[in-house]
Amino acid sequence: MKIEFAPELEAFRAEVAEFFATAPTPAIREAGRKTTSVFAPFKECMEWHRILYEKGWVAPHWPVEYGGTGWSVEQRFIFAEEYRKADLPPLLPQSLGMVGPLLIDIGTEEQKAKYLEPILKGEDFWAQGYSEPNSGSDLASLSCRAEPDGDDYIINGSKIWTTYAHHANRMFMLVRTSNEGKKQQGITFLLLDRIDYPGMEIRPIVGLDGFPEQCEVFFEDVRVPQSGRVGEENDGWSVAKHLLKHERGGGNAASPTLMRYCERARAAAAKTPSPFGGTVADDAVFQREIGELEADIASLGHFEKLAISGHEIARDPAFPSMNKTINSELVQRASVLMTQVSGVDGLARQLEALRVGSNVEPLGSEFDLVSMPLYLNSRATTIYAGSNEVQRDLIARTVSGS
Amino acid sequence: MDFSFTDEQQMLRDGVGKFLEKSYDFDARQKLVNSDAPWSADAWQQFAEFGLLALPFSEEQGGLGGSISDCVAFAELFGRHLVIEPYLGSVMLAGSALAQSGHAAAQEWVERIVSGEAVVAFAFEEGHGTASPELVAMTAQGSGNSARLTGEKRLVHGGADADAIVVLARKGEGGPPAFFLVEAGADGLDARAYTTIDGRSAANVSFNDVAATELEASEEAVEKIIADAIIVQSAEAVGAMGALVAITGEYAHTRKQFGVPIATFQAVAHRLADMKIAYTKARATLIYTTALAESGAATPRDIAILKGQVGKLGRAVGEAAIQTHGGVGMTDELSVSHYHKRLLACDTTFGDHAYHFRKVGMG
């Protein structure tokens, strides 16, 4: 066993920190501090994406030949840690974390040539069209239909929980192309070059936190070319499962973000009087709770580091589901602790103050501004990307004894 | 970064694993626990032959110059087989305390530990959970070869059977913690022996002005010895957790109620999933912390995180295993309850998870 702490790594850390201290614009920094979801404010997030692209750091987890950085595990973690310390907006996962890696793995040469570079450059943003009103956890029951017609498909139906579809210019989606055999067998994976084909309509859904993060997408006789298909017709389920490995397995480590939430909670707790005297930070119960949370986050970090290094732990078939379950539940626990520290100061609804560039002074601290929206939004983490009930079903299937 | 066991470590695991499977299965272990012997002299001799007793000591001291990851490699198997021999106390704790001392008598004891000829107990706990060296209250009078010890140490594994005891006590009022060597049978020494819930021979040992030899040790050395022991004990706990996940998974797929295996019920399936998640988290933290310690970079916070996580998660896995087994999980006959009791003991010694989480939270 070996962990390196070479002097070059500290030089690398300094280089990364220096870049994060100087490269982001004030609006990007504000967006980072006001991020209350896994999905950062879109406009500033994409500006930051393009700055990172120029630097060559936009996709550390991609293979080098496709634009990755070729960093070691240590370097990737240092990058993630410095990124979070600087409170910068996380890059959106749909393009860089899902469809990009999928195409690298199993796309045609034409698809790679056409789509990968605009993803890296931040010119394209892809929406993910999976869930439907009647197909959530039971995704394979989806019914949005695509009929072959010459070189095209004609799509009818709808998709829901399509994050940021109202910001996207392209979309990847699952459609039903056959009703024969098992429900998984009649699904096809499609890439849509545009999100404004005639017959497509996008309606944002306002979430419980007050933001229109999710969308519903309607299709009425929408004609799209068959060349956008990934894999074979009716074999889209295996394509989707492959992509889920990236979605749930995560090319980027989540633990530095979670540790950052704890740092912010500690800083706020040190300024918050405790009803038992002193500050909340001095309170034994708070110390016990944040200590346990940080220990759990540390374990996730260890899990992530082992996985990135190629340890056998990541070859467990339950790895993506375990990673998703642990990560999603820790986000929720961290946000609960944050709202506890905020107390009544988290109850004000401050949508304008949260908007980047609004120049509206928050009522309390910036911590109190974000804690409740983060808590509310993070109720989704155990629902999306396969609910945690589905994940536990999948994990349990791998526990069959010796 | 490389977190995998080396080929040599894998070979050691294979060898020790084969021996334990053959000679230390659950039935054999229970026979041993229920016998009058405090542990198996045969197994101890086998451990000596595998080099386990020599592993952590330097080559100059007759050891093998092994690393902490070498110890973790086989300690997981000790946990899987619920090994009761006093490896932690005699080799990792007392042995390391003796080895770091320049004292001539201490070197002789190390040689005897390495050969398997002697077992030395380690006296640390003072009751009510002595979680760290800084909480040790027992104070030695005098120093060097003419120190005297008075007070009580509890849960001294092998305390009534060992050839000597290494005691952690303060050097005079308010002094730093240091190690003291006491020979078995010394005047004023009294051991009240018992068996622990996890099948080990232990004793509460009282010291009434007992003659002792001070083994010089820096505070850092004391801390490192305790930290290494926590890592090895955690490896045992993780091995026990892995065994429980496998045993419980198998049981849930064979045990039928309402005409179907109970694993088909979602409430049961999800508990199995949570057991696997807990085990995986604990193992990831064990391996990472071992690698940190091997690089000399493990901080007290890292050790507290490991101890807290393994304690909490181990307890949860044990309780889930009993619940999944239902009535038979409550029996002495099945191994399940014995794994759980081992995990409870691992959580409780050197500070339980509540203590360590609060230490982490205090920053």
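1. H338 of chain B is buried in this predicted model, because 21 other C-beta atoms lie within 10 Å and the cut-off for a buried residue is 20 or more. H338(B) sits in helix α10 of chain B, which covers residues 335-348. Apart from its neighbours within four places in sequence, H338(B) is in contact with L82(B) and G199(B). V119(B) is 219 residues from H338(B) along the chain, and the C-alpha atoms of the two are separated by 25 Å.

2. For W161(A) the value is about 60 degrees. W161(A) belongs to the loop between β3 (152-160) and β4 (170-176) of chain A. This tryptophan counts as buried because 21 other C-beta atoms lie within 10 Å of W161(A).

3. The other case is D209(B), with phi near 55 degrees. D209(B) is part of strand β7 of chain B, residues 201-215. Is D209(B) buried or exposed? D209(B) is exposed, because it has 10 other C-beta atoms within 10 Å and a residue with 12 or fewer is classed that way.

4. The largest nonpolar core holds 237 residues, and the members that touch the most others are I165(B), V166(B), F180(B) and V317(B). Helix α7 of chain B (residues 219-254) gives the most to this core, with 18 residues. In soluble globular proteins, nonpolar side chains tend to be buried together. Beyond four places in sequence, F180(B) touches A140(B), A147(B), L149(B), V167(B), A169(B), A212(B), T213(B), E214(B) and L215(B).

5. Chain A is assigned three domains: domain 1 (7-91), domain 2 (126-236) and domain 3 (253-397). The centres of domain 1 and domain 3 of chain A, taken over C-alpha atoms, are 20 Å apart. Contacts between these two domains of chain A involve 17 residues of domain 1 and 15 residues of domain 3. On the domain 1 side, α2 (26-33) and α4 (73-85) of chain A are the elements that give two or more residues. Of the elements on that side, α4(A) gives the most, with seven residues. By class, the side of domain 1 of chain A that touches domain 3 has seven nonpolar, two polar and eight charged residues.

6. Helices α10 (residues 319-342) and α12 (residues 366-378) of chain A pack at an angle of about 145 degrees, and their axes are 8 Å apart. The crossing of α10(A) past α12(A) is left-handed. From α10(A), the residues that meet α12(A) are V331(A), Q332(A), S335(A), V336(A), M338(A), T339(A) and S342(A). Their counterparts in α12(A) are F367(A), D368(A), S371(A), M372(A), L374(A), Y375(A) and S378(A). The contact of α10(A) with α12(A) comprises seven nonpolar, six polar and one charged residues.

7. Which helix gives the most to the side of chain B that touches chain A? In the contact between the chains, 38 residues of chain B meet 37 residues of chain A. Helices α7, α8 (266-294), α9 (300-325) and α11 (353-362) of chain B each supply at least two residues to the chain B side. The most come from α8(B), with 16 residues. The side of chain B that touches chain A divides into 19 nonpolar, twelve polar and seven charged residues.

Note on methods
Residues numbered from 1 in each chain as written. Chains lettered and ligands numbered in written order. Predicted model: local features only at pLDDT ≥ 70, side-chain atom pairs only at ≥ 80, totals over all residues. Domains from an automatic or database assignment. Contact = placed C-beta atoms within 7 Å. Helix = DSSP H or I, 4+ residues; strand = E, 2+ residues; numbered from the N terminus. Nonpolar A, V, L, I, M, F, W, Y, C, P; charged D, E, K, R; others polar. Core = buried A, V, L, I, M, F, W, Y, C linked by C-beta atoms within 7 Å. Axes fitted to C-alpha atoms, helices over the stretch in contact; angles between N-to-C directions. Left-handed = near helix turned anticlockwise from the far one by under 90°.
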